[in-house]
Amino acid sequence: MHDLLIEGGRVVDGTGSPWFWADVAVAGDQIVAVGRLAGEAAKVTIKADGRFVSPGFIDMHTHSDLQPLVNPSHECKIYQGVTTDVIGHDGLGLAPATPETAAILRDQLSAWNGLPDIEREWTTLTSYLDRFDGVSAVNVASFASQGTIRMAVVGMENREPSAAEMARMKAILDQCMREGAIGLSTGLTYAPCMFASDDELVELCQVIRPYQGFYCPHHRNYGVEALKGYWDSIEIGRRAGVPVHLTHCHLSFPINQGRVGELIDMIDGARADGVEVTLDAYPYLAGQTYLHAMLPSWAHEGGTEAILGHLSSPESRAKLRQELEVTGSDGMQGVPLGWEMLRIGGILGDHDPAIIGMSLPEAAERAGKPPFDFFADLLVETRLGVSCLAFFGIEEHVQALMQHPAHVVGSDGILVGGQPHPRGWGAHARFLSHYARDLGLMSWEEGVRKITSAPARRIGSLDRGIVRPGCKADLTVFDPDRLRATATYEQPRSLAEGVSDVIVNGVQALADGQPTGATAGRALRDPFGRQHERHDTF
């Protein structure tokens, strides 16, 4: 007897091949048969009635780091058909951690993760990932985060590491890889990641090469020098001999209008030269981050207290105003900041909730202050606990990049705050329904490949992402006509529609459109089949 049987579905198997009619049988956490199986005995039978049956979707870029622990049902993702979140992005993951770095990360990333009442006693990547096993509705796979590692060794100082410090960072990274990390992420517009040179990054990337890890950069500039930022990222991978995955890959701001072909040619040229380059992008025009990311790199040196000091000092404020509004801060990609680009996403504490969802100039007018003064005061009053949406995307660029064969989907979703970005609740549903179905930019089969087998191969989870006997039973059943993202910038927490059933490791997380409360997710710690090691300290 099968544990679960999906009958009468059109199987879109994740490979890009044409769909076919078949039933899918599951025993334990594995797919055991695909074919004509109707009528065979099963403990649970799902009548697909012609709906699509596909592998579970993989979100290649998330900031879910704490959310599957705080909200185990993770409805924002399972209603989209997502069965795996990739965490530890932008060089600022939550492990490994010392008491000192855990406190810094808690404050620095509060606009990404909130300040949930959750014990953070983990130290190693192992002890962090242990928290997810059997607790979350979805799986997670994690990067080793370059900034987190640098913080533990060099602190928040803007300098080159000594030889001993470099050796220590490499040792910690090696341990993370042995514990099951999929690669190395960095965030080169965020402190302390931004203080690393390209040579330092090459040396670190050489550590991940024996483990088949890959380099995943949020690179140094997405504005004035965006193409150089992409080129430098590819060169780091070339020099280190590792694949490069260009995360939240976009070409935005008016200065880059019409240049997406140059970026695509760069990617194709690197691949032709043997550098394995892939990319993810989200299907929206706005980005989201913490508000103080707009500050120049010099303001970040020394951490939270130093930033607050600069924001409070008249002399530093004058310098910050000049860089943000006139010359262009490196935190704003070298582009002078048009305050109207920014919308308040979330605020920690009891600050005026009415400004959530307002553009920054609107919120400043409400407070009776010029935009810069309101920006600086708000960051001081909330101790940097503000997230923002930034509207700078170019639709034709988004469409061009998502049609590239090496593209996969990452939501880059922040799931906290009064009015976060809708992409955390809608990216995968919007990608398939709007861009594949409605605009016809790709077939259903190709769209599904980009959110299943392609990201599964990238993260080294070779037993997921395909509907085939022997693969793990992460499965999604959805109606291609009804699938849609309902989340908007005004109502971001609105759940996607059209997904009826989601199976994670053989267990239903969503059944006939309703969450089951099951938490069969686990940390995926064996990329490319290598066995991970356990460590209690680093």
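Predicted model: local features only at pLDDT ≥ 70, side-chain atom pairs only at ≥ 80, totals over all residues.
View 1. Residues are numbered from 1 along each chain as its sequence is written, and side-chain values use heavy atoms, with hydrogens and water left out. Strand β7 (residues 82–87) pairs with β8 in the parallel sense, over 4 bridges. Two strands pair if DSSP finds at least two bridges between them. Strands (E, at least two residues) and helices (H or I, at least four) are DSSP runs, numbered from the N terminus.

**View 2. β6, β7 and β8, in that order, form an open sheet of 3 strands.** The pairing is parallel. Which strands stand at the edges? They are β6 (57–59) and β8 (139–142). Each has a single partner strand, so one side of each is left without a neighbour in the sheet. On average, neighbouring strands of this sheet are turned by 25 degrees against each other, direction ignored. In a regular strand, side chains alternate between the two faces of the sheet.

**View 3. β5 pairs with β1 and with β18.** Strand β1 (residues 2–11) runs parallel to strand β5 (residues 52–55), and 2 bridges join them. Val 11 stands opposite Val 53 in β5. With strand β18 (residues 475–478), β5 pairs in the antiparallel sense over 4 bridges. Here Phe 52 has Phe 478 of β18 as its bridge partner.

**View 4. Strand β20 (residues 507–511) pairs with strand β19 (residues 499–504) and with strand β21 (residues 514–515).** β19 and β20 run antiparallel, joined by 3 bridges. Ile 503 has Gln 508 of β20 as its bridge partner. The hairpin of β19 and β20 has 2 residues between the strands, and Asn 505 takes a positive phi near 50 degrees. β20 and β21 also run antiparallel, joined by 2 bridges. Ala 511 stands opposite Gln 514 in β21. What phi does Asp 512 take in the hairpin of β20 and β21? Asp 512 takes a positive phi near 50 degrees, and this hairpin has 2 residues between the strands.

**View 5. Helices α3 and α6 cross at roughly 135 degrees.** The axes of α3 (residues 99–108) and α6 (residues 146–154) come within 10 Å. Axes are lines fitted to C-alpha atoms, for helices over the stretch in contact, and angles run from 0 to 180 degrees between N-to-C directions. The two helices are therefore oblique to each other. Angles under 35 degrees count as roughly parallel, over 145 as roughly antiparallel, 65 to 115 as roughly perpendicular and the rest as oblique. The crossing of α3 and α6 is right-handed, meaning that the near helix is turned clockwise from the far one by less than a right angle.

**View 6. The largest nonpolar core has 74 residues.** Those touching the most other members include Leu 92, Tyr 128, Leu 173 and Tyr 290. Another core, of 34 residues, lies apart from it, with Leu 291 and Ile 347 among them. A nonpolar core is a set of buried Ala, Val, Leu, Ile, Met, Phe, Trp, Tyr and Cys residues joined through side-chain atoms within 4.5 Å. Buried means under 20% relative accessible area, exposed over 50%, partly exposed in between (1.4 Å probe, protein chains only).

**View 7. Cys 76 is in no disulfide.** A disulfide is a pair of cysteine sulfur atoms within 2.5 Å, and the count comes to 0. The nearest cysteine sulfur to that of Cys 76 belongs to Cys 216, 20 Å away. Cys 76 is buried, with a relative accessible area of 9%. Cys 471 also counts as buried, at 9% relative accessibility.
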